Amino acid sequence: LRATMVVDKAFKIAEVDRRIYGSFIEHLGRAVYGGIYEPSHPAADKLGFRNDVKELVKQLNVPIIRYPGGNFVSGYNWEDGVGPVEARPKRLELAWRTVEPNEVGTNEFAGWAKEVGSEVMMAVNLGTRGVDAARNLLEYCNHPGGSYWSDLRRSHGYDEPHKIKTWCLGNEMDGPWQIGQKTPQEYGRLAYETAKAMRLVDPDIELVSCGSSSSSMPSFPEWESVTLDHTYEVADYISLHQYYGNRDNDSANFLARSMDMDHFIRTVIATCDYVKAKKRSKKTMYLSFDEWNVWYHSNDVDAQIEPWGVAPPQLEDVYNFEDALLVGSMLITFLRHADRVKMACMAQLVNVIAPIMTENGGRSWKQTIFYPYMHTSVFGRGVSLQPVVHSPVYDAKDYTDVPYLDSAVVYNEADETLTIFAVNRHLEEALELDCDIRGFEGYRLIEHLVLEHEDLKAVNTADREEVKPHSGGNAACDGGYVKARLAKASWNVIRLG
Ligand code: AHR
């Protein structure tokens, strides 16, 4: 099995926006309590945040983290989470039917994000609330002082404004499960008016208009078309969300799901450009894929959870090796759309459908999906190049002509490195890759990282890291050509410089 690729500096898609390596922390399950925050843990800092978890997050080099939801935000009163902790109310949290203790709120999270080197992507509640709560929260976060809400922040011990730049106008407002679901007309009007007021408070912010909850929503892409009709000139991005599963255990089909993601992205781009044309606008709408991942392993267990616990284990998918391959392909898909996808958030970061897991009071470890995320985030910065690929293809249940080779290439002009990210989707055979990089004179192989495993269902646990990368790939670079054997069902990072 053989595939060829031509890579050249001239085939430039766009500069990779580092924010495509974003993530997400929602007040859900053990993401916050028992995840990033656990004051009684031996590794907790003086504010109660776990240092071991911080270290793992830093390894991922996460540039931006969405907060505080998700479905949670649509019932959230942000005022509950600021001020003296002892005075904060415990609330019934209706999205996930738990009790929210509000020990962590906006200020604590902003402080934690800064420590791990991330910006905050803040979501406002457009479910149960609206313009007023959103503009007040923005004033509380970003206004320097001398007004009611900014002075309240200062009185809470945060003299400097948080300067949060990126704001989501609600979450999944098309979903029947969402508290305060809206029709596209209702959402479009509310999002527009909220955006208008928020921009009056702080004109420097960037705003994300809420897109469909997934491409399978019956109202997709009409939702995008109608809502953007309202928000096109006030928003900078439209959101996309998508999760995949392998419920019928058809791995060849599962690994092809990134083609569905690619189609989803193309359809949203087309819809944005249609609205642009209709409005005779000069502005281009960008995409924020601010929830994406594999999510299905925990569905049955979650259906059994008793309501009204505090931070019960919810959405705790244990990821296997094939999940890591699809996650790699999803990241490759973002890189190939670097001209329009400017932000993306792996949902989520800790314990809840997450690359990082913890035990309450105990250890923390890396799930399989940690690795493709870390590799792309660390090595995938620079210019995304369009490789010209010839690959054999296969037909799966839902897709035809699926290339066995899935790949993206990033050229980092600053440190003069070239990185090839590649998944071999073939479940039985290795793929011989011949890559022409003659435009990169004098480049040599730095390393060939590989994530592979005999068992597609292998998982990592606190006791055993079964799935982890090695640097023993056989790529070789000679006379402007890279040759590499990509093992069956493998994730590969070929670094040249
Ligand atoms: O990430 C888990 C949930 O998935 C989020 O709360 C919601 O926005 C989506 O449906």
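How much space lies in the largest pocket? I looked it up: about 510 Å³. A pocket here is an open set of points on a 1 Å grid over the protein atoms alone, where a 1.4 Å probe fits, with protein on both sides within 12 Å along at least five of seven lines; lining residues have an atom within 4 Å of a point. The volume is the space filled by probe spheres set on the points, joined across faces, edges and corners.

I noted that this is a predicted model, where local features need pLDDT of at least 70, side-chain atom pairs count only at pLDDT 80 or more, and totals for chains, interfaces and linings use all residues. Residues are numbered from 1 along each chain as its sequence is written, and side-chain values use heavy atoms, without hydrogens and water.

Back to the largest pocket. I found 29 lining residues, with E172, W177, S213, S214 and Y243 closest to the centre. Helix α8 gives the largest share of the lining, four residues. Helices (H or I, at least four residues) and strands (E, at least two) are DSSP runs, numbered from the N terminus.

Next I checked the second largest pocket, at about 400 Å³. Its 17 lining residues include A110, K114, P161, H162 and K163, which lie nearest the centre. α2 gives the most, five residues.

Last I traced β24. β24 pairs antiparallel with β21 over six bridges; pairing needs at least two DSSP bridges. D436 has Y481 as its bridge partner.
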